[in-house]
Amino acid sequence: MTPRIACGDRAAFLSLLRGAAKWLEDSGRGMWPPEEIAPEAFAHLPDEAFVVAYDADRPVGAMTLTFADPLFWPDVPAGRSGYIHKLCIDRAYAGQALPEALLAFAEALCRQRGIPALRLDTGADREKLRALYARLGFAEVGILSVCPEWTAVLLCKPLLPAL
């Protein structure tokens with residue numbers, strides 16, 4: 001399947017995120033507390049930050065893409081990187097390279113805008129995700145203790161030659 005990917009579908013993003021969060025929780029690998037996936041947690045983001053992959057008209061994968069992230073990357077000026085958060089896939093479409101397609105879309109959008117890097121984070125205990133991101137060219141560049149219960153690995157992929 002080659003998904004169609006577009007920006008702007010907040011409702012589809014939120015629905016996919018809730019489904020992914022429930023699946024993770026039910027499988028004993030909870031990732032996001034309820035307050036982190038509530039619609040209010042995303043109210044500050046513009047609609048174009050919501051990136052959704054579709055199989056025909058069915059939303060099957062999603063993430064946010066922003067161009068500033070002062071919480072996880074306070075030393076990177078706004079507009080110097082794209083930031084991926086809450087990447088999630090409909091479980092019926094697992095194993096169909098949707099994370100790769102979504103990240104390739106984000107890379108292309110960043111390159112079009114002259115943005116030299118793409119950044120993301122994942123839990124230090126998420127070995128499969130860390131391996132996926134490494135395979136896709138992301139380098140682990142830091143560790144951030146967000147709270148006593150969660151440590152994030154910070155990852156970056158250069159997209160353009162350094163200025």
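**Walking through the fold**

User: What kind of model is this?
Analyst: This is a predicted model.

User: How many helices and strands does the chain have?
Analyst: The chain has four helices and seven strands. From the N terminus on, they run β-α-α-β-β-β-α-β-α-β-β.

User: What is the order of the strands in the sheet?
Analyst: The order is E1-E2-E3-E4-E5-E7-E6. The sheet is open, and its seven strands have mixed pairing.

User: Which are the edge strands?
Analyst: Strand E1, residues 4-7, and strand E6, residues 139-147. Each of them pairs on one side only.

User: What does the twist average?
Analyst: From one strand to the next, the twist averages 30°.

User: What holds strands of a sheet together, in general?
Analyst: Strands pair through backbone hydrogen bonds, and the pairing is either parallel or antiparallel.

User: Parallel or antiparallel for E1 and E2?
Analyst: Antiparallel, over four bridges. E2 covers residues 50-55. Cys7 has Val51 in E2 as its bridge partner. Arg4 stands opposite Tyr54 in E2.

User: And how many bridges join E2 to E3?
Analyst: Six, and those two strands also run antiparallel. Val51 turns up again here: its bridge partner in E3 is Met63.

User: What do E2 and E3 form?
Analyst: They form a hairpin, with two residues between them. Ala56 sits in the turn and has a positive phi of about 60°.

User: Why is E2 called largely enclosed?
Analyst: Because five of its six residues are buried, E2 is largely enclosed by the rest of the structure.

User: Which residues of H1 are buried?
Analyst: Ala12, Phe13, Leu14, Leu16, Leu17, Ala20, Ala21 and Leu24 are buried.

User: Why would residues a few places apart in a helix point the same way?
Analyst: An α-helix has 3.6 residues a turn, so residues three or four places apart point the same way.

User: What covers the buried part of H1?
Analyst: The cover includes helix H2 (34-37), E2, strand E3 (58-66) and E4.

User: What comes just after H1?
Analyst: Gly28, which takes a positive phi of about 80°.

User: Where does H4 lie?
Analyst: H4, residues 127-135, lies across E4, E5, E6 and E7. It runs at about 165° to E5.

User: I clicked on Thr151. Where is its place?
Analyst: Thr151 is in strand E7.

User: What is Thr151 in contact with?
Analyst: Leaving aside neighbours within four places in sequence, Thr151 is in contact with Thr122, Gly123, Ala124, Ile143, Leu144 and Ser145. Take Gly123: Thr151 and Gly123 are 28 residues apart in sequence. In space they are 5.9 Å apart, C-alpha to C-alpha.

User: Now the whole chain. How does its radius of gyration fit a compact globule?
Analyst: With 163 residues, a compact globule would have a radius of gyration near 15 Å. The chain has 15 Å, so the two agree. Its C-alpha atoms fill a box of roughly 40 × 40 × 30 Å along the principal axes.

User: What share of the residues is buried?
Analyst: Buried residues make up 45% of the 163.

User: And the accessible surface?
Analyst: The surface comes to about 8500 Å², and 56% of that belongs to carbon and sulfur atoms.

Notes:
Residues are numbered from 1 along each chain as its sequence is written. This is a predicted model: local features need pLDDT of at least 70, side-chain atom pairs count only at pLDDT 80 or more; totals for chains, interfaces and linings use all residues. Side-chain values use heavy atoms; hydrogens and water are left out. Two strands pair if DSSP finds at least two bridges between them. Axes are lines fitted to C-alpha atoms, for helices over the stretch in contact, and angles run from 0 to 180 degrees between N-to-C directions. Contact means heavy atoms within 4.5 Å. Buried means under 20% relative accessible area, exposed over 50%, partly exposed in between (1.4 Å probe, protein chains only). The radius of gyration is taken over C-alpha atoms; the globule rule is 2.2 Å times the number of residues to the power 0.38. Accessible areas come from the Shrake-Rupley method with a 1.4 Å probe; for residues, only the protein chains shown count as cover.
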